[in-house]
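Visitor: I have a complex open and would like to go through it piece by piece. Can we start?

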Amino acid sequence: MNEGQAGEFWRWPESNWKDPDVNWREARFITGGIDVGSVSSQAVIMADGRIMAYGNMRTGPDGPGSARNALSFALDDLGDMPEDRMDYLVGTGYGRVNIPMADRSVTEIACHARGAGYIYGPGVRTVLDVGGQDIKAITCDERGKVVNFLMNDKCAAGTGRGVEVFSDLLGVPVQEVGERSFQVKEEPEAVSATCVVYAKTEAQELLRAGGSVEEALAAYCRATAERIFAILDKLGVTAGFAVTGGMAKNRGVIDRLMPMVGLEFMKTEWDTQIAGAAGAALFGHALCLKGKKRRK
Amino acid sequence: MITAGIDCGTGNTKATILKDGEITGKAKVLTGFDRDKAVEDSLDKALKAAGVGREDLHRIGWTGSGINDVKMADLEVNEVKAMGKGANFCFPGARTVVDVGAEEGRAARIDAQGNTQDFAVNEKCAAGAGVFIETMSRALEIPLEEMGPLALTSEKSIPMNAQCVVFAESEVVGLIHSGTEKKDISRAIHEAMAGRIVSTIRRIGVNEDVVMIGGVAYNPGFVEAVRRELKLRDIHVPEDPEYTASVGAAVVAAEEA
C-alpha cells in the first residue's frame, strides 16, 4: 500500500444543502441546531420548523471550532442571511457543552428521537443511531418523545469509527465498504472478535489464509451488524424502525442487520447524519413558540 | 539435558535454550506473516547463541497464540502454565504473575513450584495490552521505547475518558491540540492502561511477590503505573521479560522429557 495514501480511506465527503423553495425573509422564526459528534458535526437551519439548509462535516480537534465551521458551512448556502437573524440556537451531541454560541443544549438522545421523526416522518417508534463513537437505540412515542433508550459508548466495536479503521486497513474508501462487502461468492462467518483491534488481526489472518478483501469486509460488516443487534435486542424494538447517523448509509451493515431485527426499515431521502441537528433545531423552534429569545 | 522453549506471540516469536537449569541461548524474531518461518528462525538463532545443534535437543516446548498453526509442534505447553513456570524460574518467590503482551493481558496466581492455581485473561478488549501504548506512541509521535521514561517525568495525573484503544487515540489527538504537555499525556496513557490490567489482576487477588513479564514489562512507566495502582512496594521484572513464557516452555519440556 502506498504510504502517502494510507490512513485516508476513511475520509467521507462533506456536504451542504439548501432548499431553494424556502425564503428566510418570510419566516417568523429561524432556528438552528448544531450537533457536534466525535467524528462528524452538523448544523441545520430551519424556517418555522422546516429545514432550509444544512452542513455536514468532519469534527476537528476543537469543539467550538467544529460547531462554528458546521454552522458557517450551512449558512454559506443561505447567502445573504445574516447570522444574527437566527432566533434560537440549540446545541447537541457529544460536544454539546462546548458550543459557545448555542442558547442551550439538549441531549442527543432527545434530539435524535425528535429529528428522526422529522426526516423519516411521524411513524417512527424505534430509532437506531449509529455514529462515529456510539450506538444508541431509542424507543419513542408518536410525538417523538423518548420512552426508553440504551447506549454503548465504551467500545468502538459496531460503531462508525470501527468501519473507518477497517476501510483504512483494507484500503477501501469508506463509502464503498457496503457495496464491496456483497461482492463475495459465499457469505463468510462474522469475525469473532468484539474488539476492533482484535478484529483487525483476525481480518489480516483471513487475508493471509487467501481470503479476499471483499470477504474480510463482509465478515466485518456482519460482525458490526451483530454487535448493533445485541443492543437492539436488549432494548426491544417495535415497527416504525428508523436508522440515523452515518452507519445508515452503509448497506453492508444495514442489509445484514434487517433480517436479524425482522422488521422493514423506514426509508428517507434526507441525509441520515443530520437527524440530531434537525432535532435540536426543532427544539429551538418549540422554544421560540413559547416566547424564548436569543441571548444577544 | 538440553531443551528449547518457543513462544509464538502476535508481535514477536521468542526462543530460549535451557541446559541443566540454566539459560544458554535466546533469540527473538518478528512473527510477521509466516509463523513457521518465525519459529524456525528464532530456534536456529537461539541454538546458535547456545552453541548447540537441533540434534542436541531432548525436547521442544511450544506456547503462544500462534502454536496451532505451527507444523513442527512437539510438546504443547498451555500459555498460562508457561508464564507461571517461567516466572518461577526467574523469581522463585513469585506468587502473582502478570503477563502483558502485544494484544493480551493476563494474570495468574502460582505456588512455590510455579504451578498455576488461578488465572484471569482479558481477551475481549485490547485496552489493557501493548497495542494500546503502541497506538498512542504513534499519535504522540514519540518512539515507543521513550513513552515510559517520558511518563515518569510527569507530575500531573490527568484522567482519560476513553477506555477503548480506538477512541483513546482520538482523545490523545484532542489533548495534543489543547496544548497538554506530552509527558502528562504519556502518563495518562500509562495510567489508563494500568487500570485495565489491574482490574484483571484483582480478579485473582494480589499475593506478593508480584512479577511482571511480557514485552510491555520493558516499559518502566507502565510497571510504575501498575505498582502505584496496586499500592505495592515493588514489582519484579525479569532481565528480559519478553522471554519468560519461552523459558517456561523450556522448563516444562525439561520436566516432561
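This is a predicted model: local features need pLDDT of at least 70, side-chain atom pairs count only at pLDDT 80 or more; totals for chains, interfaces and linings use all residues.

Visitor: How many residues does helix α5 of chain A have, and how far does it reach?
Guide: Helix α5 of chain A covers residues 196–208, which is 13 residues. From first C-alpha to last it reaches 18 Å, close to the 18 Å expected at 1.5 Å a residue.

Visitor: Which residues of α5(A) are buried?
Guide: V196(A), V197(A), Y198(A), A199(A), K200(A) and A203(A).

Visitor: And what covers those buried residues?
Guide: Elements of both chains do. The cover includes α3 (160–170) and α6 (213–235) from chain A, together with α3 (130–140) and α5 from chain B.

Visitor: On to the interface, then. How many residues of each chain are in contact?
Guide: On the chain B side 16 residues are in contact with 17 residues of chain A.

Visitor: Which element of chain B gives the most to that side?
Guide: Helix α5 of chain B, residues 165–177, with 7 residues.

Visitor: What is the make-up by class?
Guide: The side of chain B that touches chain A has 9 nonpolar, 5 polar and 2 charged residues.

Visitor: What does the predictor give the complex for ipTM and pTM?
Guide: The ipTM is 0.72 and the pTM is 0.81.

Visitor: Which element of chain B has the lowest mean pLDDT, and which the highest?
Guide: The lowest is α5(B), at 86, and the highest is strand β9 (residues 210–213), at 97. For chain B as a whole the mean pLDDT is 92, and 97% of its residues reach 70 or more.

Visitor: Which of the residues in α1(B) are buried?
Guide: R35(B), A38(B), V39(B), S42(B), L43(B), A46(B), L47(B) and A50(B).

Visitor: What covers them?
Guide: Strands of chain B are part of it: the cover includes β1 (2–8), β2 (12–19) and β3 (22–30).

Visitor: What comes after α1(B)?
Guide: G51(B), with a positive phi near 70 degrees.

Visitor: Zooming out to chain A. How many helices and strands are there, and what box do the C-alpha atoms fill?
Guide: Chain A has 8 helices and 10 strands. Its C-alpha atoms fill a box of roughly 65 × 45 × 35 Å along the principal axes.

Visitor: What radius of gyration would a compact globule of that length have?
Guide: For 296 residues it would be near 19 Å, and chain A has 19 Å, which agrees. Of those 296 residues, 52% count as buried.

Visitor: What about chain B, helices and strands?
Guide: There are 8 helices and 9 strands in chain B. Its radius of gyration is 18 Å, which agrees with the value near 18 Å for a compact globule of 257 residues.

Note on methods: Residues are numbered from 1 along each chain as its sequence is written. Chains are lettered from A and ligands numbered from 1 in the order in which they are written. Two residues are in contact if their C-beta atoms, placed from the backbone, lie within 7 Å. Helices (H or I, at least four residues) and strands (E, at least two) are DSSP runs, numbered from the N terminus. Ala, Val, Leu, Ile, Met, Phe, Trp, Tyr, Cys and Pro count as nonpolar, Asp, Glu, Lys and Arg as charged, and the others, Gly among them, as polar. A residue is buried if 20 or more other C-beta atoms lie within 10 Å of its own, exposed if 12 or fewer, and partly exposed in between; C-beta atoms are placed from the backbone. The expected span of a helix is 1.5 Å times one less than its number of residues. The radius of gyration is taken over C-alpha atoms; the globule rule is 2.2 Å times the number of residues to the power 0.38. pLDDT is the predictor's confidence in each residue, from 0 to 100.
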